[in-house]
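Subject: Structure handover

Hello,

Please find the structure below. My notes on what was found in it follow.

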Amino acid sequence: MAKAFRKTRKGIAGELERAERDLVRRLFEDVISMLERTAAADEDPLAALVGLDTNAARPEDSALLRLLPDGVKDDDGESLEFRRLTERSLREDKVAALRAGALLLEQNPLLLTPEQAQLLARAINDVRLVLADRLDIETDEDAQALHEIDDWSQAEDLQTYLALVYNFMTWLQESLMQSLLAGLRQPE
Amino acid sequence: MEAMSSTIELLPALSPVVENTVVDVEAETERYTGTSESTATDVPWVVLVWNDPVNLMSYVSYVFQSYFGYPEAKANTLMLQVHQQGKSVVSSGTREEAERDTQAMHSFGLWATFRKADQA
C-alpha cells in the first residue's frame with residue numbers, strides 16, 4: 001500500500017507500490033490520448049504557429065468537456081471564440097503536466113520539489129475529473145456516497161473498480177495537497 | 001471583434017509594412033490591439049470559479065494561493081464561497097487578464113468563466 005505524501009526537509013516525499021505506479025501512469029496516458037486524439041490532424045500551420053485552433057469545437061464527450069470547459073457562460077459564440085484562441089495551448093499544457101507526472105512516477109520513493117508536486121497534482125486532478133464523469137458524480141452527495149467504497153475485495157464490476165481507483169487518486173491528491181499547503185505556510 | 005484582440009497583436013510581425021513610410025503609431029496600435037474599445041469603458045472583467053463535486057477544497061485553496069498569490073485566509077474564503085454559494089469572483093482586470101486567468105484555472109482543472117463585471 002502506498003504511503004501518503006508528506007513534507008520533509010528535502011522535499012515532498014511519497015512512496016507507491018509498483019502496481020500503483022503502473023496504474024496511475026496508465027491513467028495519465030489514457031487522459032493524454034483523450035486530449036490528443038481529438039486534436040485536428042490537418043491544421044493550418046500558420047494558425048498552429050500562433051497557437052490558434054480555427055477548427056476547435058465544443059467537445060461532445062462530457063469528460064473531455066470537463067477538461068476543456070467553456071470559458072464564457074451562456075454564450076456559445078463567445079465561448080467558441082475563446083476556445084479557438086486558447087484550447088490548443090490548454091491541451092498542450094495538460095498533456096505536458098500528465099507526461100511530467102508519468103515521468104516523476106518512475107522514481108521510487110518519490111521526492112518532489114513544490115513545482116514537480118504541482119505538476120503531479122494537476123495530472124492527478126485531470127484523471128479525477130475524467131473518472132468522476134464516467135462515474136456520474138454530479139453532486140457533493142454523489143461524491144460522498146462513492147467515498148464509502150474502499151474494499152478492493154469488492155471490485156467485481158467496472159463501476160466499483162472505477163470508484164476504488166477514484167478514491168485512491170483522491171487520497172493521493174489530498175496528501176499531496178496537505179504537503180504543498182504546508183510548504184506554502186512554511187517555506188524552507 | 002473584441003475577442004480577437006489578444007491574438008491580433010501578433011499579426012503586425014507577420015505582415016509586410018512596405019506601402020507607408022510614415023506610420024501613425026497610435027492609429028496602428030489601436031487598429032491592432034483594439035485599445036480604444038477597451039479603454040472606452042472602465043468596467044472591468046471578472047473571473048468566476050464554479051463549484052463542482054470533484055475538486056478538493058484543499059486543491060482549490062492551493063490553486064488560489066499558488067496561482068494568484070493570495071494569502072491562505074483569502075484563498076480559503078474564496079474557496080468556501082465557491083463550495084457553499086456555487087461560485088465566486090476570484091479575480092478582476094482587463095479582458096486580457098480575465099482571459100489569461102480563466103485559461104490558467106482550466107489548466108488546473110477548475111471550471112472558470114469570465115465576463116464583464118456589470119453583467120448580472
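Helices (H or I, at least four residues) and strands (E, at least two) are DSSP runs, numbered from the N terminus. This is a predicted model, in which local features need pLDDT of at least 70 and side-chain atom pairs count only at pLDDT 80 or more, while totals for chains, interfaces and linings use all residues. Residues are numbered from 1 along each chain as its sequence is written, chains are lettered from A and ligands numbered from 1 in the order in which they are written, and side-chain values use heavy atoms, with hydrogens and water left out.

Backbone of chain A

Most residues other than glycine have a negative phi, and most peptide bonds are trans. The peptide bond from N108(A) to P109(A) is cis, with omega near 0 degrees. P109(A) sits in the loop between α4 and β3 (110-112) of chain A. D74(A), which is not a glycine, has a positive phi of about 55 degrees. D74(A) is found in the loop between α3 (62-67) and α4 of chain A.

Where the two chains meet

Contact (heavy atoms within 4.5 Å) involves 43 residues from chain A and 34 residues from chain B. Together the chains bury about 3200 Å², with 63% of it on carbon and sulfur atoms. Buried area here is the accessible area (1.4 Å probe) that two parts lose on being put together, summed over both. Of the area that chain B buries against chain A, 20% comes from P53(B), V54(B) and Y62(B), more than from any other three residues.

The axes of helix α7 (residues 158-185) of chain A and helix α4 (residues 57-68) of chain B come within 9 Å and cross at roughly 35 degrees. Axes are lines fitted to C-alpha atoms, for helices over the stretch in contact, and angles run from 0 to 180 degrees between N-to-C directions. Ala, Val, Leu, Ile, Met, Phe, Trp, Tyr, Cys and Pro count as nonpolar, Asp, Glu, Lys and Arg as charged, and the others, Gly among them, as polar.

Salt bridges

A salt bridge is a side-chain nitrogen of Lys or Arg within 4 Å of a carboxyl oxygen of Asp or Glu. The structure holds 16 of them over all chains. R58(A) forms a salt bridge with D70(A), the closest N and O atoms being 2.9 Å apart. R58(A) lies in the loop between α2 (45-49) and α3 of chain A and D70(A) in the loop between α3 and α4, so the pair ties together parts that are 12 residues apart in sequence. Across the interface of chain B and chain A the rule finds three salt bridges. E78(A) forms a salt bridge with R95(B), where the closest N and O atoms are 2.9 Å apart.

Helix pairs within a chain

In chain A, the axes of α4 (residues 76-104) and α5 (residues 114-134) come within 8 Å and cross at roughly 110 degrees. α4(A) and α5(A) are therefore roughly perpendicular to each other (angles under 35 degrees count as roughly parallel, over 145 as roughly antiparallel, 65 to 115 as roughly perpendicular and the rest as oblique). The residues of their contact divide into seven nonpolar, two polar and four charged.

In chain B, the axes of α4(B) and helix α5 (residues 72-85) come within 8 Å and cross at roughly 130 degrees. That makes α4(B) oblique to α5(B).

Regards
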